[in-house]
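Please read the points with the coordinates at hand.

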Amino acid sequence: MLYGICYVSTLRSPLDSHELRELFVFCATKNIAENVSGVLLHNSGNFLQYFEGDELKIKELFYSKIKKDTRHKNIITLFEKEINDLYFTGYKAGFTSIMEDNQIGSLRSYLNLLKYLDSSEMEALSKTVNSFLSAK
Ligand SMILES: Cc1cc2nc3c(=O)[nH]c(=O)nc-3n(C[C@H](O)[C@H](O)[C@H](O)COP(=O)(O)O)c2cc1C
């Protein structure tokens with residue numbers, strides 16, 4: 001079964017741009033190796049992440065690792081559910097961490113395309129990403 005989780009969270013204490021980059025590179029490398037696709041965004045001390053893949057793997061990653069990670073707090077799950085398709089395998093290398101403003105346009109376009117799939121979760125994700133980034 002395929003599963004997707006989307007959450008927001010807040011940095012516990014500020015990370016400098018080097019530490020943030022390290023976290024993002026770690027997540028992208030690990031997820032691509034583990035067949036976890038999705039996207040991780042950071043904006044003004046807040047994270048928004050959507051990730052998808054094999055149900056057991058996704059739940060394990062979220063509940064045993066990400067939720068216990070002390071670098072962030074106030075983890076709010078926006079949705080978690082079984083999905084019919086992997087939506088992000090076709091985007092970049094499958095998992096993207098976005099910290100550069102110039103990557104946001106391309107993500108927005110991709111989400112706009114996904115919105116037209118008959119998928120309520122992607123429509124929700126598209127709206128959430130847009131409001132998450134609206135401060136930019
Ligand atoms: C905001 C945030 C998002 C994260 N996302 C992922 C992720 O998508 N994949 C991942 O493997 N680790 C992610 N991590 C890191 C995990 O919480 C944890 O540090 C890591 O999985 C430990 O891996 P290890 O047990 O193999 O050393 C994230 C951490 C934070 C703070």
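The numbered points below take up the ligand site and then the salt bridges.

1. The model is a predicted one. Every value given in this note is therefore to be read as computed from that predicted model.

2. The ligand sits in the largest pocket. There are 14 residues around the ligand, and those that come nearest are Lys30, Asn31, Gln49, Asp69 and Arg71.

3. Which elements supply at least two residues of the shell around the ligand? These are helix 1 (17-33), strand 3 (46-54) and helix 2 (55-65). Helix 1 gives the most, with five residues. By class, the shell is made up of seven nonpolar, three polar and four charged residues.

4. For aspartate 69, an N or O atom of the side chain is 2.7 Å from a ligand oxygen. For arginine 71, the corresponding distance from a polar side-chain atom is 3.2 Å, and for lysine 65 it is 3.4 Å. Of the 620 Å² of accessible area that the ligand has on its own, the protein covers 80%.

5. Side chains of opposite charge can pair when their charged atoms come close. Four salt bridges are present in the structure. One of them joins glutamate 34 to lysine 57, with 3.7 Å between the closest N and O atoms. Because glutamate 34 lies in the loop between helix 1 and strand 2 (37-43), whereas lysine 57 belongs to helix 2, this pair ties together parts that are 23 residues apart in sequence.

Methods. Residues are numbered from 1 along each chain as its sequence is written. This is a predicted model: local features need pLDDT of at least 70, side-chain atom pairs count only at pLDDT 80 or more; totals for chains, interfaces and linings use all residues. Side-chain values use heavy atoms; hydrogens and water are left out. A residue is near a molecule or strand if one of its heavy atoms lies within 4 Å of it. A polar contact is a pair of N or O atoms within 3.5 Å; within protein, one must be able to donate a hydrogen and the other to accept it, and residues adjacent in sequence count only if both atoms are side-chain atoms. Accessible areas come from the Shrake-Rupley method with a 1.4 Å probe; for residues, only the protein chains shown count as cover. On a 1 Å grid over the protein atoms alone, a cavity is a set of points where a 1.4 Å probe fits but cannot get out, and a pocket is an open set with protein on both sides within 12 Å along at least five of seven lines; lining residues have an atom within 4 Å of a point. A molecule sits in a cavity or pocket if more than half of its atoms lie within 2 Å of its grid points. Helices (H or I, at least four residues) and strands (E, at least two) are DSSP runs, numbered from the N terminus. Ala, Val, Leu, Ile, Met, Phe, Trp, Tyr, Cys and Pro count as nonpolar, Asp, Glu, Lys and Arg as charged, and the others, Gly among them, as polar. A salt bridge is a side-chain nitrogen of Lys or Arg within 4 Å of a carboxyl oxygen of Asp or Glu.
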